[in-house]
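Thanks for coming. I will go through one model today, starting with a sheet and then moving to the cores. Please have the structure open.

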Amino acid sequence: MDRILIEGRRCLNGEITVSGSKNAALPLMVACLLADGVSTLRNVPQLRDVQTMSSVLQSVGAKVVTEGDRITIDARGFNTTEAPYDMVRRMRASVYVLGPMLARLGQARVSLPGGCAIGPRPIDLHLCGFEAMGAKVRIEGGYVIAEGEGMRGGEMNLEGTHGSSVGATCNVLMAAVLVPGRTVIRGAAREPEVGELVRMLNLMGARITGADSSTLEIEGVSSLQPIVYSTISDRIEAGTFLLAGAITGGDVMVHGARPDHMNALLEKMIQAGIGIEVLPDGVRVKPGNGINPTNIQTLPFPGFPTDMQAQFMALLCMAGGDSIVRETIYPERFIHVAELMRMGANIEMGVGEARVRGVKKLTGAPVMASDLRASAALVLAGLAAEGTTEILRVYHIDRGYEHIDAKLAAIGAKITRETGEQQPVAAATETTSS
Ligand code: UD1
């Protein structure tokens, strides 16, 4: 298995460019199934999750060709109504195929994704949405079996106990665009990645109003056209690089960072005393005067993103006082805490929240990556820590960060990757997320 070695305490300086957004690219890839032709997506990051989604699309009959950051998807052979457990357990976003299967093929048999490192992640809201449009849904043998005959527009609310669901909004949208009549989605997720899906679908001929708001209205059409579309940049990768600059007291220009997608993070960084400069082509982080303790609470967009919680906690470990980190989207998403503590962090866990008592220094240690963003937090802690940090199970990081070691090395990090043996099959296929 690969491992990443970091010699910490090096100030990062320079310029870094953000890749395309993983969480935007995944639903856009699936949306290509909605048009009977050849679509091309650009600025798609070269990541394990993207490869997994390519396999999912191929397994349902599409042809997928990847050339650098461009993916061509020929959906003319889309004819399979099944997504098996072996596929879905590798990546829960595979369940996005439900929407296009119902809309274009009239039925679907898709495995339920199962457990996940960051806590329970049901898909009940996805299913309620399809039922509101008249689909008949049942669960049998670990699979969702949905019959779409006679589906028509319907009204629904996709806001659950932990806020609106990104996945349910995307999935339901991908059926509603081709279902006759008017669908109204209330409590729609407002994450930028959902807005991107709306914009791309509209360019393909869909009739959706309300982009970026919590109410989407869809007038079904009979067919969509193939498209050439470029994804937005990855706001979570951008935020992680800004925090890499901040935690090392460096000066880093992050090209492609979209401040309009990162307001909540930038506000908290400023509150923490970090120098932030918004420029036409991105965001620059500059040395501040230490790190102030800062409380954060994760919320659906435009609130503070759960996908930045672990990385921000790494920063707070070095603050000059106590901070509270409250997680409202995935109350159990604190798997990084134990590993950060092995590096010298002082964190006290409560229910759905952690009190982070700032320490003067972190020290390098062997640590285990456990999910995508938790792993990014360990990279950040390693950059700031005294001595060597060895991160194992880096395949988690590779699911969502394109060449993170090379990008950070280019701005002064002493970070290397050692390539080991093939990872065990069980590890390669465990369902993790985000
Ligand atoms: C997406 C992102 C993930 C991010 C998450 C929250 C992708 C591929 N992944 O995941 O990186 O962490 O949004 O911003 O885009 N829920 C239900 N029932 C459902 C669906 C969700 O109760 O049917 C709950 C979830 O357990 C969670 C909350 O709603 O507590 C938000 O989940 P959701 O927005 O659906 O997350 P994903 O789309 O899976």
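Strand β18 and strand β19 (residues 282-286) run antiparallel and are joined by five bridges. Strands here are DSSP E runs of at least two residues, helices are H or I runs of at least four, and both are numbered from the N terminus. Two strands count as paired if DSSP finds at least two bridges between them. Within this pair, I276 stands opposite V285 in β19.

Before going on, the provenance: this is a predicted model, where local features need pLDDT of at least 70 and side-chain atom pairs count only at pLDDT 80 or more, while totals for chains, interfaces and linings use all residues. Residues are numbered from 1 along each chain as its sequence is written, and side-chain values use heavy atoms, with hydrogens and water left out.

Back to the sheet. It is open, has four strands in the order β2-β17-β19-β18, and its pairing is mixed. At the edges are β2 (13-17) and β18 (275-279), each pairing on one side only. Neighbouring strands are turned by 15° against each other on average, direction ignored; axes are lines fitted to C-alpha atoms, for helices over the stretch in contact, and angles run from 0 to 180 degrees between N-to-C directions.

Two helices lie across these strands. Contact here means heavy atoms within 4.5 Å. Helix α8 (residues 235-247) lies across β2, β17 (251-255) and β19, at about 20° to β19. Helix α9 (residues 263-271) lies across β18 and β19, at about 145° to β18.

Now the cores. A nonpolar core is a set of buried Ala, Val, Leu, Ile, Met, Phe, Trp, Tyr and Cys residues joined through side-chain atoms within 4.5 Å. Buried means under 20% relative accessible area, exposed over 50%, and partly exposed in between, with a 1.4 Å probe and protein chains only. The largest core has 77 residues, of which F130, L201 and L224 touch the most other members. Helix α6 (residues 166-176) gives the most to this core, seven residues. Another core, of 72 residues, lies apart from it and includes A272 and V367.

Which residues does L201 contact, leaving aside neighbours within four places in sequence? They are A31, L34, V177, A206, I208 and L224.

Last, helix α12 (residues 372-384): 13 of its 13 residues are buried.
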